[in-house]
Amino acid sequence: DGFTARSLGDKKEKTLGMIKPDALDRMGMILDMISHKGLLVTKAKMVLLSRAEAAQFYMEHQSKPFFNGLLDYVTSGPVVAMEIMGGNAIGVWREMIGPTNPSDARSQNSQSLRAKYGTDNTRNAVHGSDSKESATREAEFFFPSAGPSRANTAQFSNCTCCV
Ligand code: IDP
């Protein structure tokens with residue numbers, strides 16, 4: 001039987017995941033892992049971020065020494081943004097991706113996504129919201145609920161079975 005949003009019952013916490021440019025060719029495996037954890041991808045979009053958009057997404061890091069390198073990296077190719085839903089989705093997805101630095105990830109749990117697909121502290125394959133507040137802000141960034149369409153992103157009507 002297929003795994004549907006209906007079977008989530010009241011376990012509908014949302015988080016925002018992003019497959020970064022270096023891991024785009026791992027998308028199939030990443031989607032498989034998400035379903036195996038009992039989470040559901042309820043929205044997805046492939047986007048080539050402009051530098052200004054990337055700076056907006058990562059605004060909390062604008063004063064960090066790695067900010068420019070981070071913008072170079074996340075604008076180097078398309079990313080896939082995903083709204084991921086399920087019980088404790090924020091925590092489960094953070095656990096699945098592992099720590100920021102892939103070498104720490106490899107020493108902690110070799111099965112995490114950053115352990116498997118990350119290269120270094122910048123090129124770490126995936127993103128995940130770290131709190132309810134950032135999940136809301138980041139989901140709104142990629143999947144705005146209202147307002148004018150963003151010029152460079154395709155707008156799709158979203159399935160309403162999960163809301
Ligand atoms: P997180 O993605 O694990 O939440 P953050 O501290 O929010 O980590 O950093 C955002 C992103 O910035 C990281 O995923 C990584 O790509 C990059 N980054 C973080 N710390 C460093 C660093 O010390 N050097 C280079 N890049 C970094």
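**Figure 1. Phe 66 in the predicted model, a residue of the ligand shell.** Phe 66 is exposed because 12 other C-beta atoms lie within 10 Å. By definition, a residue is buried if 20 or more other C-beta atoms lie within 10 Å of its own, exposed if 12 or fewer, and partly exposed in between, with C-beta atoms placed from the backbone. Phe 66 is located in the loop between α2 (51-57) and α3 (67-74). Helices are DSSP runs of H or I with at least four residues, strands are DSSP runs of E with at least two, and both are numbered from the N terminus. As this is a predicted model, local features need pLDDT of at least 70 and side-chain atom pairs count only at pLDDT 80 or more, whereas totals for chains, interfaces and linings use all residues. Residue numbers start from 1 along each chain as its sequence is written.

**Figure 2. Surroundings of the ligand.** The residues around the ligand are His 61, Phe 66, Gly 69, Leu 70, Thr 100, Asn 121, Thr 122, Asn 124, His 127 and Asp 130; a residue is near a molecule if its C-beta atom, placed from the backbone, lies within 6 Å of it. This shell comprises two nonpolar, seven polar and one charged residue. Here Ala, Val, Leu, Ile, Met, Phe, Trp, Tyr, Cys and Pro count as nonpolar, Asp, Glu, Lys and Arg as charged, and the others, Gly among them, as polar. An unreviewed UniProt entry lists Lys 20, Phe 66, Arg 94, Thr 100, Arg 114 and Asn 124 under "binding site"; such annotations may be inferred rather than shown by experiment, and the positions follow the numbering used here, with feature names shortened.

**Figure 3. Asn 124 and its contacts.** Asn 124 lies in the loop between α6 (113-117) and β4 (126-128). Asn 124 counts as buried because it has 24 C-beta neighbours inside 10 Å. Leaving aside residues up to four places away in sequence, Asn 124 touches Thr 100, Pro 102, Arg 114 and Gly 118, where contact requires C-beta atoms, placed from the backbone, within 7 Å.

**Figure 4. Strand β1 and its partners.** In β1 (residues 13-19), five of the seven residues are buried. Seven bridges pair β1 with β3 (residues 79-86) in the antiparallel sense, and Gly 17 has Met 82 of β3 as its bridge partner. β1 also runs antiparallel to β4, joined by three bridges; here Met 18 is partnered by His 127. Pairing requires at least two DSSP bridges between two strands.

**Figure 5. The buried face of helix α4.** The buried residues of α4 (residues 89-97) are Ala 89, Ile 90, Trp 93, Met 96 and Ile 97. Viewed down the helix axis, these residues fall within an arc of 130°, so they line one face of α4; the arc is that of the directions from the helix axis to the C-beta atoms. An α-helix has 3.6 residues a turn, so residues three or four places apart point the same way. The buried residues of α4 pack against β1, α1 (27-36), β3, α6, β4 and α7 (132-142). Gly 98, with a positive phi near 90°, follows α4.

**Figure 6. Glu 95 of helix α4 and its distance to His 127.** Glu 95 counts as partly exposed because it has 13 C-beta neighbours inside 10 Å.

Conventions. Contact = placed C-beta atoms within 7 Å.
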